[in-house]
Amino acid sequence: MAGLFWVFANASLTLGSTPVYRLPPPQAVADIAAAFEQTPPSAHPDLVRALSDDTQGVTLLPALPPFDPRTASTADADRYREALKGRPFRIVAAGGRAPSDFGEFPVFSTDALQVITTLADGRALAVSQMAIPPVARIVDNALWFLGLMIALNLIVALLIADQTRRPVERLLRAVQQDRPEDFTLPGPGEIVALGAAFRDLRRDLRALMEKRTRILAAIAHDFRTYLTRINLRSDFVDDPRQRDLLVQDIAEMTTLIDDALVYAEGVKAPSGEAVVEVVAALGALAADRKCLGQTVAFDAPPEPLWAAISPVALHRIINNLLDNAQRYGGGDATLRIGLASGAVRIQVDDQGPGVPEAALERLTEPFHRLETSRSRETGGAGLGLSIVLALAQEHHARLSLANRPEGGFRAELQLQPAPPASPLA
């Protein structure tokens with residue numbers, strides 16, 4: 001494209017200052033010669049003026065110029081020989097360019113082209129033909145014409161790209177936000193088929209997850225029944241130390257079963273709009289933790305911050321994050337609240353060893369546990385962060401997990417801000 005643009009630019013500069021020529025039709029040359037032979041010589045100057053205009057030039061010469069074999073192809077010579085019926089003629093290219101380059105087509109040239117033939121009185125008649133004004137103007141402004149064509153092509157290409165880009169972006173947002181009702185989009189057939197494929201894939205994955213969670217819920221429910229029986233029978237253990245250890249094991253197993261049931265039954269956002277004043281709700285939660293002897297530093301702004309989440313879901317999320325900080329982070333936790341990029345940001349930091357970078361992406365997978373947590377002291381079924389992520393997604397919140405540069409681990413929750421809830425009447 002760049003090479004073609006350069007050629008047309010140079011052609012435009014050349015054509016802008018030079019007439020544009022073509023070979024005159026053979027029959028027109030023959031008719032003009034006949035008109036001169038049928039007119040008295042005294043009227044020839046008037047005839048020259050009458051036959052010459054912006055598109056045609058007629059000139060009388062003293063004699064026929066010498067023959068130049070480079071200036072006539074066989075095809076051109078045959079055409080003029082037939083029309084002139086034996087009159088001697090010459091085809092002259094002023095710039096030395098052979099008319100054989102043009103053939104029978106009206107191709108234009110910046111070199112002056114003339115067809116010269118003899119008259120009965122021995123003089124010669126030269127006929128040249130220039131391009132018609134509209135064509136000459138187009139050729140003369142080839143650069144601008146090419147620029148216009150390029151601009152139109154770019155506009156059309158951008159429109160076509162936009163018609164493809166916008167459905168793809170809408171489909172991407174629908175997939176990221178899990179909105180299957182938006183998977184069906186107008187647009188190219190490939191985009192429509194892609195949306196249908198995403199919809200079918202989501203349906204199959206949802207069916208698979210539901211089947212797995214039903215099995216998990218059934219197992220967890222049955223385990224709870226057996227744990228209740230074991231707990232009742234623990235009273236018959238005579239050794240107090242063994243009885244206490246048994247009760248502790250039962251309590252831990254009950255906690256695991258509760259987490260498994262919550263995950264299996266699913267976490268759903270409450271119907272209607274749910275909002276909570278985050279500073280007050282989490283301030284009370286931190287105070288409760290301190291009453292239990294846990295070290296929880298609380299850092300929040302003095303003004304209230306309202307977020308779009310139910311109080312129960314917020315408590316469950318922050319409690320799980322604080323449990324992780326207490327369990328794996330050395331016992332000390334910091335709870336921070338603030339605003340960031342238009343969102344209500346909640347951070348839970350600990351002073352622990354952090355998490356290997358390779359394991360960060362898998363922390364929210366169900367039943368995934370780091371090897372360092374497989375001990376009696378830490379326990380856990382690997383469902384705490386999975387439940388946190390599910391609750392966050394149900395409330396259109398964003399959860400991010402990362403190691404802190406200064407050491408320790410950080411869980412950050414970004415909630416959508418909400419207007420204050422109306423007081424009850």
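In the predicted model, Leu159 lies within helix H6, which spans residues 142–176. With a relative accessibility of 53%, Leu159 counts as exposed, because the cut-off for that class is over 50%. Together with Phe145, Leu148, Met149, Leu152 and Ile155, Leu159 makes a nonpolar surface patch of about 570 Å². As a general point, an α-helix has 3.6 residues a turn, so residues three or four places apart point the same way.

Strand E5 (residues 124–130) presents a contrasting setting, since seven of its seven residues are buried and the strand is therefore largely enclosed by the rest of the structure. Ala124, Ala126, Ser128 and Met130 point one way from E5, whereas Leu125, Val127 and Gln129 point the other way, and all of these are buried. In a regular strand, the side chains alternate between the two faces of the sheet.

The pairing of E5 involves several strands. Strand E2 (residues 56–61) runs antiparallel to E5 over six bridges, with Gln56 standing opposite Gln129, and strand E1 (residues 21–22) is joined to E5 by two bridges, also in the antiparallel sense, with Arg22 opposite Gln129. Strand E4 (residues 113–118) is antiparallel to E5 through four bridges, and Val115 is placed opposite Val127. E4 and E5 form a hairpin with five residues between them, and in the turn Gly122 has a positive phi of about 95 degrees.

Helix H10 (residues 311–328) comprises 18 residues and reaches 26 Å from its first C-alpha to its last, close to the 26 Å expected at 1.5 Å a residue. Its buried residues include Leu314, Ile317, Ile318, Leu321 and Leu322, and H10 is followed by Gly330, with a positive phi near 85 degrees.

Technical notes:
Residues are numbered from 1 along each chain as its sequence is written. This is a predicted model: local features need pLDDT of at least 70, side-chain atom pairs count only at pLDDT 80 or more; totals for chains, interfaces and linings use all residues. Side-chain values use heavy atoms; hydrogens and water are left out. Patches are made of residues with over 30% relative accessible area and no salt bridge: like charges are joined within 9 Å, nonpolar side chains (Val, Leu, Ile, Met, Phe, Trp, Tyr) within 5 Å. Accessible areas come from the Shrake-Rupley method with a 1.4 Å probe; for residues, only the protein chains shown count as cover. A salt bridge is a side-chain nitrogen of Lys or Arg within 4 Å of a carboxyl oxygen of Asp or Glu. Buried means under 20% relative accessible area, exposed over 50%, partly exposed in between (1.4 Å probe, protein chains only). The expected span of a helix is 1.5 Å times one less than its number of residues. Two strands pair if DSSP finds at least two bridges between them.
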